[in-house]
Each structure stands twice: as structure tokens, then as C-alpha cells.
Amino acid sequence: MAQARKVIITSAVTGAIHTPTMSPHLPITQDEIADAAIGAAEAGAAILHLHTRDPNDGRPSQDPEHFEPVLQKVASNTDAVVNITTGGSPHMSVEERMQPVATFKPELASLNMGSMNFGLFPMLDKYSSFQNEWEREHLENSRDLVFKNTFADIQRILEIGNANGTRFEFECYDISHLYNLAHFQGRGLARGPLFVQSVFGLLGGIGGHPEDLMHMHRTADRLLEDYQWSILGAGKNQQPLATMGATMGSHIRVGLEDSLWIGPGKLAESNAAQVAKMRNIVEELGMEVATPDEARTILGLKGADQVKF
């Protein structure tokens with residue numbers, strides 16, 4: 001009998017886009033982030049994509065001291081693959097964004113594959129007031145923000161990761177990012193199997209139309225060798241594009257970093273709820289959700305015993 005295809009579910013549990021005012025369910029403190037990650041793993045996520053926040057006001061933070069308790073608690077309670085961000089927040093310097101990966105040497109890290117406009121300001125229209133003043137500034141300042149990821153920045157992060165055995169989730173927000181990734185693969189700095197995360201629906205990147213997804217897929221197939229494809233749909237695009245991608249052979253990413261919603265007009269109460277919903281869809285489509293160890297094999301990861309947390 002034919003074997004069911006294994007689909008890797010990634011859960012991105014808090015991120016740096018959404019702010020505390022936007023949802024009472026957004027994890028803020030180190031314990032909340034760790035517990036959310038563990039719950040997502042129990043629901044079927046093989047990979048946990050981690051950002052952290054300042055527990056006092058929810059501001060995004062790349063301080064290794066904010067990461068350490070999250071990483072230790074997650075590692076003590078699940079065998080899921082930990083994926084640490086190098087994206088951090090678009091408002092941070094590249095040096096600040098790189099600190100946690102350089103410190104903790106995870107199996108997997110995210111890597112943004114090009115500079116881009118990163119517009120969060122439309123969300124200002126949805127809220128009359130904010131719990132913290134930084135939230136308004138965070139959104140307003142994105143009108144005049146370039147999320148810096150130059151060729152030098154990308155090469156530096158690749159070299160650090162390669163030296164530590166860390167592989168990458170290559171976040172591609174537009175077609176040009178696939179070309180950038182092909183450039184680095186051609187130079188031998190980005191090594192297969194590539195884990196390509198196609199990101200849809202953020203203002204400044206490619207849109208969330210099904211034609212955009214198919215265009216990204218065709219282009220990746222044409223440009224890249226030895227790659228695994230995954231779909232990230234922002235906001236309302238999360239579930240429809242993840243489902244479409246899964247039917248086309250992709251892995252999927254969900255989580256409160258990418259969307260606060262579980263359905264039209266209904267806030268997701270947890271990352272685990274989003275994972276469970278997508279797991280059900282994947283299984284109804286006749287596929288199986290990959291375990292953490294299966295994800296390690298598919299992506300060629302070094303193993304949890306080789307990290308520094």
C-alpha cells in the first residue's frame with residue numbers, strides 16, 4: 001500500500017507583529033510563551049517557531065535572557081524541533097536579531113531572504129486605544145520602515161548557522177526572495193534540503209490570492225534544488241492557503257504570530273487550537289502529520305542533543 005505523505009506543522013506562537021491589545025490570548029510572558037509552545041506540540045506541531053517578549057509590557061525582545069527560560073521549559077517538556085527567529089522585529093538591528101541563534105545554536109532558525117517594506121500600520125484603524133504606548137508607535141512607524149535583510153546580512157547569518165550546524169527556515173515574502181535563495185544555494189552557502197517558507201498576505205510582500213501561491217510554487221520549482229516547501233498565510237489567509245498548499249505537496253505553518261483568528265470574526269484561544277484544526281484538515285485529506293523526529297529526518301536536522309539549551 002502507498003504510504004501517506006507526512007506534513008510538517010510549524011506553530012509560530014507569538015511573533016513580533018501582533019500586540020497585547022489585539023488579543024487576550026497572545027502569549028506575553030516567558031511562561032505563557034513556553035506553555036503555548038508545549039500545547040501546540042501536544043496538538044501536533046513538529047516545529048515550534050519562537051520569538052520572545054519583554055514580560056513587563058509585551059514588547060518584542062531578542063534578549064537571550066528572555067529566551068533562556070522559554071527554551072529550557074520547552075526542551076524539558078517536548079521533543080519538538082525548536083526554531084529560533086533571526087527576524088526578531090523589523091524595528092531591530094540585525095546584530096540584535098542574531099543574538100539568540102548565536103547563543104543557543106538551535107536545530108533550526110528562521111532567515112528572511114530579502115529587504116522589504118513591512119506595513120503594519122493598517123491595523124491602527126481597528127483599535128481606538130492601546131494597552132501600551134509602544135504598540136501605537138510600533139504600528140505607526142511601519143509606514144516608513146524598510147525591514148533590512150541585505151545580501152551581507154543574509155550571508156552573515158548563514159555563516160553563523162552553518163558553523164553551528166543550524167539549518168534554516170527560509171522565509172520568502174516575495175518572488176525576488178526565491179531568487180535570492182537560489183543565489184545563495186548556487187554559492188553553496190544555503191544547503192539542501194532547503195526548508196522554504198512561502199509567506200503570503202503581508203503588506204509589502206506578495207499577496208494572499210491562490211494565484212500568488214501557485215506562482216511562488218512554480219518559481220521555487222524552477223529555481224531551487226532539493227527543497228521542502230511550506231505555506232504561511234497571514235491573517236485570514238492562514239487556513240485557506242495552508243489547506244491549498246497541503247493539497248499541492250507543502251508543509252504548513254500556523255500560529256498566533258501569523259494570525260489571531262480561528263475562523264471569521266473569532267479569535268483563536270490558543271496556538272494549540274489552530275494546530276488541531278489544521279491537523280484535522282490534513283488528516284481528512286488523507287495525509288499524516290509528521291512527528292518531530294520525522295521532521296528532523298525530512299529536513300536533515302542535527303538533533304536536539306546538539307543545541308545549547
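**Exercise 1.** Find out whether Lys73 is buried, partly exposed or exposed, then find its salt-bridge partner.

*Solution.* Start with the surface: Lys73 has a relative accessible area of 27%. Buried means under 20% relative accessible area, exposed over 50%, and partly exposed in between (1.4 Å probe, protein chains only). Lys73 is therefore partly exposed. Next, recall that a salt bridge is a side-chain nitrogen of Lys or Arg within 4 Å of a carboxyl oxygen of Asp or Glu. The partner of Lys73 is Asp31, at 3.3 Å from N to O. Asp31 sits in helix α1 (residues 30-43) and Lys73 in helix α2 (residues 64-77), so the pair ties together parts 42 residues apart in sequence. Helices (H or I, at least four residues) and strands (E, at least two) are DSSP runs, numbered from the N terminus.

A note before you go on: this is a predicted model, where local features need pLDDT of at least 70 and side-chain atom pairs count only at pLDDT 80 or more, while totals for chains, interfaces and linings use all residues. Residues are numbered from 1 along each chain as its sequence is written, and side-chain values use heavy atoms, leaving out hydrogens and water.

**Exercise 2.** Work out which strands the salt bridge between Glu288 and Lys6 links.

*Solution.* First check the contact: the closest N and O atoms are 2.5 Å apart. Then place the residues: Glu288 is in strand β16 (residues 288-289) and Lys6 in strand β1 (residues 6-7), 282 residues apart.

**Exercise 3.** Decide whether Glu257 and Arg253 are buried or exposed.

*Solution.* Glu257, at 8%, is buried. Arg253, at 1%, is buried too. Their side chains meet in a salt bridge.
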